[in-house]
Number of protein chains: 4
Amino acid sequence: MPAIDLNSDLGEGWAGVAVADDDAMLQLVTSANLACGGHAGDADARRNAVRAAVDAGVVIGAHPSYVDREGFGRRAMDVPGPVLERQIREQLEALLDTCDGVPGAAVRYLKPHGALYSRILADADQADAVARVAAAHELPVLALAGVPGSAIQRACDRRFVDIIGEAFADRAYASDGTLIARGVPGAVLDDADAVRARAVRLATEHLIDTFDGGTLHLDAQSLCVHGDTRGAVALAQGVRAGLDDAGVDVRPFLSPS
Amino acid sequence: MPAIDLNSDLGEGWAGVAVADDDAMLQLVTSANLACGGHAGDADARRNAVRAAVDAGVVIGAHPSYVDREGFGRRAMDVPGPVLERQIREQLEALLDTCDGVPGAAVRYLKPHGALYSRILADADQADAVARVAAAHELPVLALAGVPGSAIQRACDRRFVDIIGEAFADRAYASDGTLIARGVPGAVLDDADAVRARAVRLATEHLIDTFDGGTLHLDAQSLCVHGDTRGAVALAQGVRAGLDDAGVDVRPFLSPS
Amino acid sequence: MPAIDLNSDLGEGWAGVAVADDDAMLQLVTSANLACGGHAGDADARRNAVRAAVDAGVVIGAHPSYVDREGFGRRAMDVPGPVLERQIREQLEALLDTCDGVPGAAVRYLKPHGALYSRILADADQADAVARVAAAHELPVLALAGVPGSAIQRACDRRFVDIIGEAFADRAYASDGTLIARGVPGAVLDDADAVRARAVRLATEHLIDTFDGGTLHLDAQSLCVHGDTRGAVALAQGVRAGLDDAGVDVRPFLSPS
Amino acid sequence: MPAIDLNSDLGEGWAGVAVADDDAMLQLVTSANLACGGHAGDADARRNAVRAAVDAGVVIGAHPSYVDREGFGRRAMDVPGPVLERQIREQLEALLDTCDGVPGAAVRYLKPHGALYSRILADADQADAVARVAAAHELPVLALAGVPGSAIQRACDRRFVDIIGEAFADRAYASDGTLIARGVPGAVLDDADAVRARAVRLATEHLIDTFDGGTLHLDAQSLCVHGDTRGAVALAQGVRAGLDDAGVDVRPFLSPS
């Protein structure tokens with residue numbers, strides 16, 4: 001029986017403002033990447049998200065970012081490795097502190113956010129900063145599947161950090177396994193049927209169609225879904241329903257604690 | 001035939017991140033309060049929101065705030081009047097600049113955001129700062145209806161600035177016409193039927209039930225609806241449908257340009 | 001032999017930008033209030049400030065603030081007590097984490113920053129939030145001396161938290177012991193000789209002249225000096241030299257660890 | 001008689017917090033690069049800086065930046081050209097608005113700040129965004145002298161925008177005319193005599209020693225000095241005194257209005 005994890009970025013609100021529909025998403029996913037204040041989130045949002053995740057039985061991961069609330073962590077930045085390492089560690093520790101106060105809560109993995117997530121595929125210095133923090137806390141790193149020689153893969157291998165491969169059913173793929181940049185027309189899919197079909201094929205056959213008409217073999221242990229617009233939630237609901245209907249076991253890649 | 005305007009806070013995204021579902025809301029409302037960078041929004045979000053509002057035939061208002069992106073403008077602040085005046089003027093000018101670049105776009109009114117909106121009911125110094133900017137640009141101010149002796153009412157009267165009265169169908173009212181604070185249980189209504197019924201009664205009978213069981217007479221020219229969660233959009237859709245079904249003419253209080 | 005502590009706000013730089021001249025100030029003071037990210041400071045600034053303070057033998061205190069980098073923590077804010085408590089605790093924990101990594105470093109007291117420092121003289125809810133954090137970490141609170149019935153005094157008394165009284169030689173005092181607001185002409189003294197004389201008189205006679213021509217008795221254990229402009233550093237140097245010349249023992253109110 | 005302009009970054013304070021010692025620097029320089037809110041500064045700081053510059057007879061330039069207050073504009077960022085263009089234009093317009101309210105004030109040139117200043121030497125897309133704004137407002141661009149084939153030089157040439165060459169007496173130069181990165185030991189000179197001598201030689205002989213022991217010919221019309229620490233102000237005073245003593249005519253490259 002095929003199995004896959006569903007993850008989503010949550011806890012990104014701040015000052016009482018919601019960015020994504022966390023409640024809706026926690027009914028769908030099995031892992032939650034919680035914002036740690038670098039790109040979004042504050043102490044209250046973090047606490048609420050941790051509690052809601054524990055209540056929903058969803059596994060908690062840290063979602064650190066470039067320190068860039070102004071740009072929501074979506075802008076690639078030149079930051080020296082040692083500075084980046086301290087920033088990521090500090091964000092992780094903020095989430096660990098929050099989890100300390102909630103019975104049953106634990107941080108189980110680390111998924112870099114936004115531009116940092118993409119940058120560490122190629123930037124060895126920044127990738128190693130991520131791997132150093134993950135190694136110190138003995139956490140696996142959730143990173144783009146299907147890019148075996150990536151800088152983050154090499155950094156994690158060197159430091160004995162596990163990598164969990166992640167895929168995106170709603171993003172177009174280049175034939176080398178990287179994502180087509182958001183700015184390119186067609187890079188983000190919004191056809192619910194197409195996204196659902198891609199998700200099911202990924203989970204059951206480990207295959208995904210590429211932007212140039214080919215097919216890519218992808219071994220992903222987790223599938224990312226978004227909840228930041230009504231359309232995104234509907235898409236995620238379609239993905240979940242499709243996986244359930246296809247008999248895929250939607251389950252976390254790790255236990256919650 | 002009874003008539004009322006529907007307004008909503010839009011353009012609050014930044015760095016490509018959406019806070020509210022602007023597209024859904026522009027199908028429902030007749031006036032759009034556009035974020036000016038004080039609490040949210042950036043140049044791109046502003047330009048997109050102005051274009052979408054013009055396309056939808058929705059009237060544009062400026063939605064200036066305390067300069068507090070960290071708190072989304074929701075924290076009341078002690079800011080001296082002259083400083084506040086410059087901050088509001090600067091935000092308004094940012095929106096005016098954006099409108100300059102979009103054919104058919106014009107700023108037609110000014111609605112203070114969040115904590116500033118509440119504060120100017122009682123704070124004469126800050127209320128006058130708002131009124132000075134409105135007077136200089138000859139714009140009416142959208143403010144809470146039913147508080148006739150408020151500081152903002154007096155400041156606007158003194159400076160010959162028009163006040164447009166606004167009501168909230170999804171907020172509990174005290175018997176003096178002020179809103180019950182968000183923290184109080186029951187202060188925010190989420191029962192779609194109740195909110196819809198309150199909106200229709202407000203538009204047709206100018207009456208609203210108060211928190212303490214009484215009834216308040218409210219002459220509001222505009223009704224505020226929110227779009228920052230899926231539940232909020234559904235609520236707003238119910239309000240619009242209710243008004244349409246009740247034969248209320250949902251129309252802006254001013255022409256778009 | 002009279003004795004007094006000299007304290008200053010340090011570690012307020014961020015992104016490599018210096019706000020105050022920390023190196024110059026660490027030669028003068030015996031206690032350093034270190035920014036914790038609420039109004040200024042980042043992980044690097046904090047680490048550098050902690051190291052420099054340890055090297056200089058200066059006692060370290062936490063300097064938490066309203067979460068308001070946009071306003072440098074200088075704007076009074078309406079924040080509910082439980083939210084404020086979490087924000088202060090989180091800032092304190094960030095500094096504790098930094099101190100963990102520096103041999104010989106320890107956080108020994110807590111001094112609220114800016115508008116929060118003033119607000120807790122009268123706001124019982126916010127004062128108690130400060131006192132709760134101080135009590136949980138068994139730290140004394142550095143607060144304005146000479147306001148015996150203040151809200152922060154009462155909150156600390158209730159929770160068995162020690163209060164250390166602080167005075168300002170360069171600020172004008174009202175006859176009730178509160179500071180004249182910055183906006184008032186004459187509220188901030190910049191005459192080096194006058195400031196020096198006031199500091200010496202405070203340390204040796206426990207007296208300070210008031211704004212209205214009277215004299216106030218003030219038992220302060222610590223004197224605050226600033227380092228954010230060249231003039232401020234010169235003023236602080238004058239204060240230190242004056243105290244030394246007058247035979248005052250300039251020493252911390254607590255040991256560094 | 002040799003002549004050169006002295007420029008400095010001013011107006012970088014916000015919320016009443018000073019970063020540099022603007023008053024001291026305005027006695028020394030002939031051109032002031034005023035922060036426009038992108039990396040620092042707010043409406044009040046801008047107004048005060050414009051007034052002080054006009055009073056001192058110092059020429060005003062706009063100092064736009066990546067929108068990155070969190071990083072003080074010191075982090076290189078991947079931002080698409082059209083987005084960057086709008087951000088720079090918006091910052092310039094904020095300063096133009098401020099100048100509108102101060103008699104005798106005018107924006108006379110544009111100097112990109114921090115990481116953007118360096119990035120546009122090589123990044124054609126971002127360089128052209130800067131040049132487009134400069135062309136639309138008919139302003140010259142102040143950029144690093146001695147890099148003739150730089151991206152910003154080419155973009156400005158294409159759009160008929162004047163380039164003013166700038167040099168740094170306190171920074172180490174590579175033999176290709178670029179600056180040695182700040183992280184490299186020796187990249188920033190703090191020996192006042194050495195910096196003074198380099199400034200005088202630059203202004204009188206158009207020569208500067210390079211990091212690798214060679215000598216570089218540099219035709220700079222302006223020399224940048226800093227005011228963000230006491231040491232920096234002293235360095236700048238030394239440079240000014242050195243130029244005056246050597247008979248160099250320290251004067252702006254343009255008239256103030």
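View 1. Of the 257 residues of chain A, 58% count as buried (under 20% relative accessible area, 1.4 Å probe, protein chains only). The model is predicted, with local features requiring pLDDT of at least 70 and side-chain atom pairs pLDDT 80 or more, while totals for chains, interfaces and linings use all residues. Residues are numbered from 1 along each chain as its sequence is written, chains are lettered from A in the order in which they are written, and side-chain values use heavy atoms, without hydrogens and water. Among contacts in chain A (heavy atoms within 4.5 Å) with a separation of 6 or more, 72% join residues 24 or more positions apart.

**View 2. Fold and dimensions of chain A.** Chain A contains 8 helices and 10 strands, assigned as DSSP runs (helices H or I, at least four residues; strands E, at least two). The C-alpha trace spans about 40 × 40 × 35 Å along the principal axes of chain A.

**View 3. Charged side chains of chain A.** Chain A carries 23 positive and 37 negative side chains, Lys and Arg being counted as positive and Asp and Glu as negative, without His and the chain ends. The centres of the two sets lie 3 Å apart, with charges placed at NZ of Lys, CZ of Arg, CG of Asp or CD of Glu.

**View 4. Interface between chain C and chain D.** In this interface, 18 residues of chain C contact 17 residues of chain D. The buried area is about 1,500 Å², of which carbon and sulfur atoms give 55%; this is the accessible area (1.4 Å probe) lost on putting the two parts together, summed over both. C:Trp14, C:Val17 and C:Arg230 supply 39% of the area that chain C buries against chain D, more than any other three residues.

Methods: Buried < 20%, exposed > 50% of the residue type's maximum accessible area, 1.4 Å probe, protein only.
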